[in-house]
Amino acid sequence: MVSSKFINQLAEKYKIKFNNKKLLEEAFTHSSYANEHPESGIRDYEKLEFLGDAVLELAISNYLYRNFTSLNEGELTRMRSNIVDTEGFAEFAYKFGFPAEINLGRGEEKAGARSRKTLLEDVFEAFNGALFLDQGMDAVEHFLSLTVYPLIDAGKFDASRDYKTDLQEFLQQDGPVKIEYTVLKEEQTPSRFTVQLKADGHVLAQGQGHNKKTAEQDAARAALARLN
């Protein structure tokens, strides 16, 4: 059963309090446990996993679309793939203490399933599916804003082209060039940075993004397009 410690952690750290506790239990129940304990009346998480997979893909796609405006469709797709793959979701589940809460059958427990990455991915998806059913999309977005989105902003899943490095290599083919990125404007709601790019004092381009890093990448991309 999901521990009171974990339930308190959800409430205190993430402001999540399930109205339907059975959904929370179901999200952490593997089929092996449900089969061994039919008297519990708890279903396994497979249907919640199915729902959570779709909920997470929509939420993350929406976040990337709105906040990484300088990326094209292919780059957004690669970044989303990095986030929603087995490694990414399993890492989230492990970080937030999910493994200890999983209800496993004896055989799966002995086989070390509690640390199996594919299982942790399933549980993370199931949890978000349960949260969606219990409280709606806003609750899922709130949870992700405290857990997943900050890691996206930090560049952990960035699979796009590094325009700044490409520009530096292009400009310095014949010797050192001083490259400067200066923030011209910072808007708070929604977060939007405008950055100016100079090379040896000459303005090459401007870029925009939801943080300084993405704005600099956008400026470098614009400069490369102009110079090539």
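Colleague: Where does helix α11 lie, and at what angle does it run to β1?

Modeller: Helix α11 (residues 163-171) lies across β1, β2 and β3 and runs at about 145° to β1. Contact means heavy atoms within 4.5 Å, and angles run from 0 to 180 degrees between the N-to-C directions of axes, lines fitted to C-alpha atoms (for helices, over the stretch in contact). Helices (H or I, at least four residues) and strands (E, at least two) are DSSP runs, numbered from the N terminus. The model is predicted, with local features requiring pLDDT of at least 70 and side-chain atom pairs pLDDT 80 or more, whereas totals for chains, interfaces and linings use all residues. Residues are numbered from 1 along each chain as its sequence is written, and side-chain values use heavy atoms, leaving out hydrogens and water.

Colleague: Why do β1 and β3 count as the edges of the sheet?

Modeller: The open sheet has 3 strands in the order β1-β2-β3, with antiparallel pairing. β1 (179-187) and β3 (202-209) each have a single partner strand, so one side of each lacks a neighbour in the sheet. From one strand to the next, the twist averages 20°.

Colleague: What makes β2 and β3 a pair?

Modeller: Pairing requires at least two bridges found by DSSP, and 7 bridges join β2 (residues 192-199) to β3, the two running antiparallel. Lysine 198 stands opposite valine 203 in β3, and leucine 197 opposite alanine 205. The two strands form a hairpin with 2 residues between them, and aspartate 200 in the turn has a positive phi of about 50°.

Colleague: Which hand does the crossing of α4 and α9 have?

Modeller: The axes of α4 (residues 46-67) and α9 (residues 137-147) come within 11 Å and cross at roughly 65°. This crossing is right-handed, a term for a near helix turned clockwise from the far one by less than a right angle. Val55, Leu56, Leu58, Ala59 and Asn62 in α4 meet Met137, Val140, Glu141 and Leu144 in α9.
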